[in-house]
Amino acid sequence: LLPRIRIREVSAVIGRNTEQAMLIGAVHGYRGLIRGLLRELRRELKCPRLPVVATGGYARLMAARLPEITAVDPLLTLEGLRLVWLAHARRD
């Protein structure tokens, strides 16, 4: 029974209704997840700076307020799959 939401930038951190709460969780929550994962990767790799490329449909939105992201390429994953497919097709 939850409403469909359109993922977009949101400045609030407290939702006043279900739709706002879902949107805040989707945007701020994922940014927090990314930030935390990068912090742990830097710690485990003992590398204070990492090149980070955001990919996928919401790459620009997520990167907009994450200075840890150094590049945005929404189609990088699909391009990689295309290149693998081409290399595989040439072997046949």
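Visitor: What should I know about the model and its numbering before we start?
Guide: This is a predicted model, in which local features need pLDDT of at least 70 and side-chain atom pairs count only at pLDDT 80 or more, while totals for chains, interfaces and linings use all residues. Residues are numbered from 1 along each chain as its sequence is written, and side-chain values use heavy atoms, with hydrogens and water left out.

Visitor: How do you know what confidence the predictor has in the chain?
Guide: The score to read is pLDDT, the predictor's confidence in each residue, from 0 to 100. The chain has a mean pLDDT of 95, and 100% of its residues reach 70 or more. Confidence is lowest in helix 3, at a mean of 94, and highest in strand 2, at 98.

Visitor: What makes the contact between R31 and E9 a salt bridge?
Guide: The term asks for a side-chain nitrogen of Lys or Arg within 4 Å of a carboxyl oxygen of Asp or Glu. Helices (H or I, at least four residues) and strands (E, at least two) are DSSP runs, numbered from the N terminus.

Visitor: What makes E9, R31 and R65 a network?
Guide: E9, R31 and R65 are linked in a network of salt bridges. R65 forms a salt bridge with E9, their closest N and O atoms being 3.6 Å apart. R65 lies in the loop between helix 2 (59-63) and strand 2 (71-72), and E9 in the segment before helix 1, so this pair ties together parts that are 56 residues apart in sequence. R65 has a relative accessible area of 43% and is therefore partly exposed.

Visitor: How do you know how R82 and E79 are placed in helix 3?
Guide: R82 and E79 are 3 residues apart in helix 3 (residues 76-91), which means that about one helical turn separates them. Their side chains meet in a salt bridge at 2.7 Å, N to O. R82, at 41% relative accessible area, is partly exposed, and E79, at 32%, also counts as partly exposed. The structure holds 6 salt bridges.

Visitor: Why are L38, V52, A54, A59, A63, L66 and I69 called a nonpolar core?
Guide: The name is given to a set of buried Ala, Val, Leu, Ile, Met, Phe, Trp, Tyr and Cys residues joined through side-chain atoms within 4.5 Å. The seven named residues, L38, V52, A54, A59, A63, L66 and I69, form the largest nonpolar core. Apart from this core lies another, of 6 residues, among them L23, I24, V27 and L61. A63 is in contact with A54, I69 and V72, leaving aside its neighbours within four places in sequence.

Visitor: Why is I5 called partly exposed?
Guide: I5 is at 25% relative accessibility and therefore counts as partly exposed. I5 is found in the segment before helix 1, and touches E19, M22 and L23, not counting residues up to four places away in sequence. I5 and L23 are 18 residues apart in sequence and 6.8 Å apart in space, C-alpha to C-alpha.

Visitor: What makes K46 and P67 exposed?
Guide: K46 counts as exposed because its relative accessibility is 73%, and P67 counts as exposed at 70%. K46 is found in the loop between helix 1 and strand 1 (53-54), and has a positive phi of about 55° although it is not a glycine. P67 lies in the loop between helix 2 and strand 2.

How values were computed. Buried < 20%, exposed > 50% of the residue type's maximum accessible area, 1.4 Å probe, protein only. Contact = heavy atoms within 4.5 Å.
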